[in-house]
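My notes follow in the order I made them.

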2 protein chains.
Amino acid sequence: MRLTRYFLPVLKETPAEAQIVSHRYMLRAGLIKQAAVGIYSWLPLGLKVLRNIERIVDEEQQKAGHIPLLMPTLQSADLWRESGRYEAYGEEMLRIKDRHGRDLLYGPTNEEMITDIFRSYISSYRDLPKTLYHIQWKFRDEMRPRFGVMRGREFLMKDGYNFDVDRESALEAYDRHMVSYLRTYERMGLKAIPMRADSGPIGGENTHEFLVLADTGESEVFYDSAILDLELSDRVVNYEDPNQLKQIVSEWTTPYARTDETHDAALFDAVPEERRRSSRGIEVGQIFYFGTKYSKALGATVTNAEGQRVPVEMGSHGIGVSRLVGAIIEASHDEKGIIWPEGVTPFHVGIVNLRQGDAETDAACAGIYAGLQALGLDPLYDDRNERAGAKFATMDLIGLPWRITVGPKGLKNGVVELVSRRTGESEELPPEQAVEKIARIYAYL
Amino acid sequence: MRLTRYFLPVLKETPAEAQIVSHRYMLRAGLIKQAAVGIYSWLPLGLKVLRNIERIVDEEQQKAGHIPLLMPTLQSADLWRESGRYEAYGEEMLRIKDRHGRDLLYGPTNEEMITDIFRSYISSYRDLPKTLYHIQWKFRDEMRPRFGVMRGREFLMKDGYNFDVDRESALEAYDRHMVSYLRTYERMGLKAIPMRADSGPIGGENTHEFLVLADTGESEVFYDSAILDLELSDRVVNYEDPNQLKQIVSEWTTPYARTDETHDAALFDAVPEERRRSSRGIEVGQIFYFGTKYSKALGATVTNAEGQRVPVEMGSHGIGVSRLVGAIIEASHDEKGIIWPEGVTPFHVGIVNLRQGDAETDAACAGIYAGLQALGLDPLYDDRNERAGAKFATMDLIGLPWRITVGPKGLKNGVVELVSRRTGESEELPPEQAVEKIARIYAYL
């Protein structure tokens, strides 16, 4: 994309209403614009990041054997009356009356609707296990929306639901979700730590939240620093091997890691002192095995191998897709702007032309641009008539991980400059080699 | 995908509430499930088609140089009060009050919001032309929702808006949209005819609807059959060449083609009698140049080359993405079920195993399945323990354009059967050749 043809409204001033860095940078770098309190438009650059995150989530769910569908944003109140949550949910549920006076609501979550879909079609253990998920806009009418997309009202979320004939199989689904989530966050360049969560009135130990460490996090977290060294990296995961999944889950859940809600000081004290850490964390996902809470309420039963009808075992598993855009920025920025991890960056590389209008420099930039596109890469070419400083400031603010700087001086020596946004390291090399190097970097993702 | 692992709830009975064939087949083939009146869940197979259509729309818009962003589903009422449409819109607008009593609405369209985005950031002709679009869920509270997704309440739509400094440039945007829409429908295997539409109180000649011919269409249409022979096919379109665009638009708008709203009997009578046709049509898109209606109301101005501030010239352009799923079925089906065009089919090919459990037949199917996947194709393998008749009926109902049938008898001769869903023609050939043939068919798309 050539910047002069794009729509990238970068702001010079820091908007006064933004209290945290991700919100400030998302407004300044032209990622979002507020449409109403807690409701945002995703401007072109922001939408690209959002779609990248969505794609990673989607691909990793499908690798785990989970099946995508799409439930609507609006739901009938009837199902929620059946489960008993219509009255219980409180003011966060956005209640709506249509022209005929029928009660609708903007779905804040989908346990009821997915259970209704399940019970409408599936009645035998032979069709299990099944995990169905969707990635859809939700609405929670927060009392005080703030922090931009981190605590917005209309937000994009992946929520998935497993259906299993018994507890053992449902716990395999739990493990499968945990591993697929670890992979998902890792691909985004995020360290998200699974922490034992509070299961509330339902009880049970099988719920974990995934937290990204950041000073602005809403939760206080306590953990054994050993967990930071864990990586799936290029480990081959077989999602059909429950033993391998269990082993990975055990690896990630053995080191102490809890939020203030489940913190146990005595257990924490047992962690060697030099590895004891406390900090703040942002929740970016949760997995939850809750058994038969909804299947009993809504009558979703299956016949098991013994011919008995039993309520189906379920869990629900969520990833905050739009929230992740903010969380990634909280975890990866500096005083100049955002630093996108390669996995989610809106453009793979920026091209800065230091002398726009100079025939040779323009031609070199056009060649690099075309060369990158020919390799399937998506560059952003700053072809504005601006001085170098302004172009660098824009690139730093919007946070593309790599920048190729092209100027007459370098070209005289047959080189351009390749700069890493994260480290600031730069090297000079011929244009073709710069293109090849960028291609190699992204080939590994 | 192996069918035993998928979620494809095919119904044997025809649901009584479905009055038209697309609605019947969408329910029977497990594409959708009604969640509330006029509101549907997209089951896995339906979602795949929806996403294919969305992807084609998105790609063709980007080829035309249009820029994607994403506006939220809910909007503040304030902007609509500014344009004067809040009261005028009537009962089709779903009005909502949040917990603080603020007026929201579920966006039925986005002229106001996009104009607000534009006026917030752009103020010079130097940043024009710009066309911004999104593909987002909308809601219109239809009095009597019916015909499934064809006249639903919550629906997915692409809506795009051009911003130009003067009328001439805005009319170029109009032409660009018409050509990109022709390409879009053609890629979906659809013949969608641009017909002069009624511009309502705004007036002007520059609005066309795109109609797909089908007996169940809501509009009566009159046309010169010569228009059916027009094809873009593999013509190279340069979206930056206004003359080429104008020439293509002229080609498609010269033959008579109008809906009952704009029908002119005298002009129609001038068409040679043997080419005069009347039938029914389904509207699947509309383009509309409306000038300064919204920019004046909302104060969206730019300085032109002479330094004067002028209201920006606009048009809006829509494609009914979810409606297209129904429209394609209306245009392409037989008494056994759906017949998907290759461009939108949920799976490229079905594999039917005639003797599930037979080691050799299973191995042959597995080999074909893996071979197709290795070529980047997405097959559906019916690996159920069902008799051949039931498997064929399912494949015919869900409408995959190609089927590979694998049985012990054929394998003895080293062949499988490749069948076209559309023509019913079949040929016997070795498994590797069947795989190659399927790959060749899709390579051309």
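Predicted model: local features only at pLDDT ≥ 70, side-chain atom pairs only at ≥ 80, totals over all residues.

**Entry 1**

I looked up helix α12 of chain B, residues 388-398. It lies across β19, β20 and β21 of chain B. I read its angle to β19(B) as about 170°.

Next I asked in what order the strands of that open sheet come. The order is β20-β19-β21-β22-β23 in chain B, five strands with mixed pairing. I then looked at the edges. β20 (379-382) and β23 (426-429) of chain B stand there, each with a single partner strand, so one side of each has no neighbour in the sheet. On average, neighbouring strands of this sheet are turned by 20° against each other, direction ignored.

I checked one pair inside the sheet. Strands β19 (residues 349-353) and β21 (residues 402-406) of chain B run parallel and are joined by four bridges. I found V406(B) of β21(B) as the bridge partner of N353(B).

A further helix turned up here. Helix α14 of chain B, residues 431-443, lies across β19, β21, β22 (416-420) and β23 of chain B. It runs at about 175° to β21(B).

**Entry 1: the sheet in chain A**

I turned to chain A. I found an open sheet of five strands with mixed pairing, in the order β20-β19-β21-β22-β23. Which strands stand at its edges? They are β20 (379-382) and β23 (426-429) of chain A; each has a single partner strand, so one side of each is left without a neighbour in the sheet. Neighbouring strands are turned by 20° against each other on average, with direction ignored.

I followed β19 (residues 349-353) and β21 (residues 402-406) of chain A, which run parallel over four bridges. I351(A) stands opposite I404(A) in β21(A). Then I looked for helices on this sheet. Helix α11 of chain A, residues 359-374, packs on it and touches β19, β20, β21 and β22 (416-420) of chain A. Its direction makes about 170° with that of β19(A). Helix α14 of chain A, residues 431-443, lies across β19, β21, β22 and β23 of chain A. I noted about 175° between α14(A) and β21(A).

**Entry 2: antiparallel strands**

I wanted antiparallel pairs too. Strands β4 (residues 74-76) and β6 (residues 103-106) of chain A pair that way over three bridges. L74(A) has Y106(A) as its bridge partner in β6(A). Strand β5 (residues 94-97) of chain A also pairs with β6(A) in the antiparallel sense, over four bridges. There, I96(A) stands opposite L104(A). The hairpin of β5(A) and β6(A) has five residues between the strands, and G101(A) takes a positive phi near 80° in this hairpin.

**Entry 3: two crossing helices**

At what angle do the axes of α1(A) and α10(A) cross? Helix α1 (residues 21-28) and helix α10 (residues 321-331) of chain A cross at roughly 110°, and their axes come within 8 Å. Angles of 65 to 115 degrees count as roughly perpendicular, so α1(A) is roughly perpendicular to α10(A). I listed the residues that make the contact. From α1(A) they are V21(A), S22(A), Y25(A) and M26(A). From α10(A) they are V325(A), G326(A), I329(A) and E330(A). By class, I noted five nonpolar, two polar and one charged residues.

**Entry 4: the core**

I asked which residues touch the most other members of the largest nonpolar core. They are W42(A), I53(A), W42(B) and I53(B), in a core of 229 residues.

Most residues other than glycine have a negative phi, and most peptide bonds are trans. I looked for exceptions.

- The bond from L128(A) to P129(A) is cis, with omega near -5°. P129(A) lies in the loop between α5 (111-121) and β7 (130-139) of chain A.
- The bond from L128(B) to P129(B) is cis, with omega near -5°.
- F147(A) has a positive phi near 60°. It sits in the loop between β7 and β8 (154-164) of chain A. F147(A) is partly exposed, at 21% relative accessible area.
- S233(A) has a positive phi of about 50°. S233(A) is partly exposed, at 42%.

Technical notes. Residues numbered from 1 in each chain as written. Chains lettered and ligands numbered in written order. Heavy atoms only, no water. Axes fitted to C-alpha atoms, helices over the stretch in contact; angles between N-to-C directions. Parallel < 35°, antiparallel > 145°, perpendicular 65-115°, else oblique. Contact = heavy atoms within 4.5 Å. Nonpolar A, V, L, I, M, F, W, Y, C, P; charged D, E, K, R; others polar. Core = buried A, V, L, I, M, F, W, Y, C linked by side-chain atoms within 4.5 Å. Buried < 20%, exposed > 50% of the residue type's maximum accessible area, 1.4 Å probe, protein only. Pairing = 2+ DSSP bridges.
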